Amino acid sequence: MKALVKIGGSLLDDAASRRDIARQIAAVTSGSAASGVAVTVVHGGGKQMTRFLSERGIESNFVRGLRVTTDQTLDAVLKVLAGTVNTQLVAALGVAGTRAVGLTGVDAGLAVGEQLDPELGFVGRVVSSDARLLDTLAGAGYVPVIACVAGGAGGEIYNVNGDSMAVAVASNWIVDRLVFLTDVAGVLDSSKSIIPQLTIAGCRELIDSGVASGGMQAKLNAAMDAVAHGVEEVRIVKGSDADIVMRVFAGEQIGTRVVSEAISQ
């Protein structure tokens with residue numbers, strides 16, 4: 001099995017949480033019960049970015065939920081997201097017994113981007129992804145850890161939304177499972193109950209009815225994009241729940257599962 005785990009930056013800001021997630025990923029990739037699971041990690045770091053900029057007197061501005069990325073902001077993206085956050089996670093995975101390798105989308109064409117909107121500055125959208133490096137690393141027993149930075153065709157560097165990066169890499173690496181570690185336990189229906197399984201049609205219905213909006217709407221759009229491009233299933237779960245990564249890969253029906261068409265649980 002090939003899988004991609006996308007970790008929100010808030011889960012990595014606390015050292016104890018970072019170590020716990022690293023422990024779980026190590027168990028999934030090396031445990032005898034999970035033999036054959038190759039995992040790539042994509043991570044965010046928005047909370048750390050905002051704090052870094054604030055400490056330097058730089059205001060964080062957002063348009064449609066995306067951080068406006070100026071020259072100063074892009075420099076911070078490289079220092080914090082591709083630097084501190086990535087290295088801290090790689091170090092935690094190493095202590096947990098995983099042979100982790102820190103990367104960005106710039107490396108070997110993992111994520112090639114273009115400017116999303118001039119109003120947003122150096123914010124990009126991924127237009128292509130070359131996953132051959134992931135096959136090479138995973139085949140040798142390494143766990144790639146990718147920061148959400150893409151390279152442009154002309155040498156540009158772009159700040160990329162974490163969910164978009166995860167979907168682009170997962171789709172091109174053709175993973176069996178994409179796991180979003182979020183701050184919610186799953187997708188909720190109109191009565192605030194977790195929906196165990198959703199199809200693309202079900203996701204669209206939730207969005208069109210207004211039940212799913214804001215951050216969850218964006219998450220469902222990402223999930224639909226992933227399954228439409230060949231990812232077998234997307235799982236949306238709460239990253240702070242006990243042993244959540246291990247439980248997902250052990251087959252526990254937890255959180256919300258998004259698939260292209262309805263299938264039996």
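**Notebook: barrel, sheet and helix packing**

I began with glycine 151, whose bridge partner in β10 is isoleucine 157. The model is predicted, with local features taken at pLDDT of at least 70, side-chain atom pairs counted only at pLDDT 80 or more, and totals for chains, interfaces and linings using all residues. Numbering runs from 1 along each chain as its sequence is written, and side-chain values use heavy atoms, with hydrogens and water left out. For element names I kept to DSSP runs, numbered from the N terminus, with helices (H or I) of at least four residues and strands (E) of at least two.

**The barrel**

I then checked the neighbouring position, and found that alanine 150 has tyrosine 158 of β10 as its bridge partner. Strands β9 (residues 149–152) and β10 (residues 157–160) run antiparallel and are joined by three bridges; strands are taken to pair if DSSP finds at least two bridges between them. Four residues lie between the strands of this hairpin, and glycine 155 there takes a positive phi near 90 degrees.

On the β6 side, I noted that β6 (residues 112–115) and β9 run parallel with two bridges between them, and that glycine 113 has glycine 152 in β9 as its bridge partner. In the order β6-β7-β10-β9, four strands close into a barrel of mixed pairing. From one strand to the next, the twist averages 60 degrees.

**The open sheet**

Next I traced the open sheet, which has eight strands in the order β5-β8-β2-β1-β11-β13-β14-β12 and mixed pairing. At its edges stand β5 (100–104) and β12 (197–198), each with a single partner strand, so one side of each has no neighbour in the sheet. Helix α4 (residues 71–95) lies across β1, β2 (38–43), β5 and β8 (143–147), at about 155 degrees to β8. Helix α6 (residues 162–173) lies across β1, β2, β8 and β11, at about 175 degrees to β1.

Strands β1 (residues 2–7) and β11 (residues 177–182) run parallel, with five bridges joining them. Is arginine 177 buried or exposed? Its relative accessible area is 11%, so arginine 177 counts as buried. Leaving out residues up to four places away in sequence, arginine 177 touches Met1, Lys2, Ala3, Leu4, Val231, Glu233, Arg235, Val248 and Phe249, where contact means heavy atoms within 4.5 Å. The C-alpha atoms of arginine 177 and lysine 2 are separated by 6.9 Å, although the two are 175 residues apart along the chain.

Most residues other than glycine have a negative phi. I therefore recorded isoleucine 174, whose phi is positive, near 55 degrees, and which lies in the loop between α6 and β11; its relative accessibility is 55%, so isoleucine 174 counts as exposed. Lysine 192, in the loop between β11 and β12, also has a positive phi, of about 70 degrees, and is exposed with a relative accessible area of 65%.

**Helices α7 and α8**

Last, I looked up the pair α7 (residues 200–208) and α8 (residues 214–228), whose axes come within 10 Å and cross at roughly 160 degrees. The two helices are therefore roughly antiparallel, given that angles under 35 degrees count as roughly parallel, over 145 as roughly antiparallel, 65 to 115 as roughly perpendicular and the rest as oblique.

In α7, Ile200, Cys203, Arg204, Leu206 and Ile207 meet Gln217, Leu220, Asn221, Met224, Val227 and Ala228 of α8. By class, I have eight nonpolar, two polar and one charged residues in this contact, with Ala, Val, Leu, Ile, Met, Phe, Trp, Tyr, Cys and Pro as nonpolar, Asp, Glu, Lys and Arg as charged, and the others, Gly among them, as polar.

Note on methods
Axes are lines fitted to C-alpha atoms, for helices over the stretch in contact, and angles run from 0 to 180 degrees between N-to-C directions. Buried means under 20% relative accessible area, exposed over 50%, partly exposed in between (1.4 Å probe, protein chains only).
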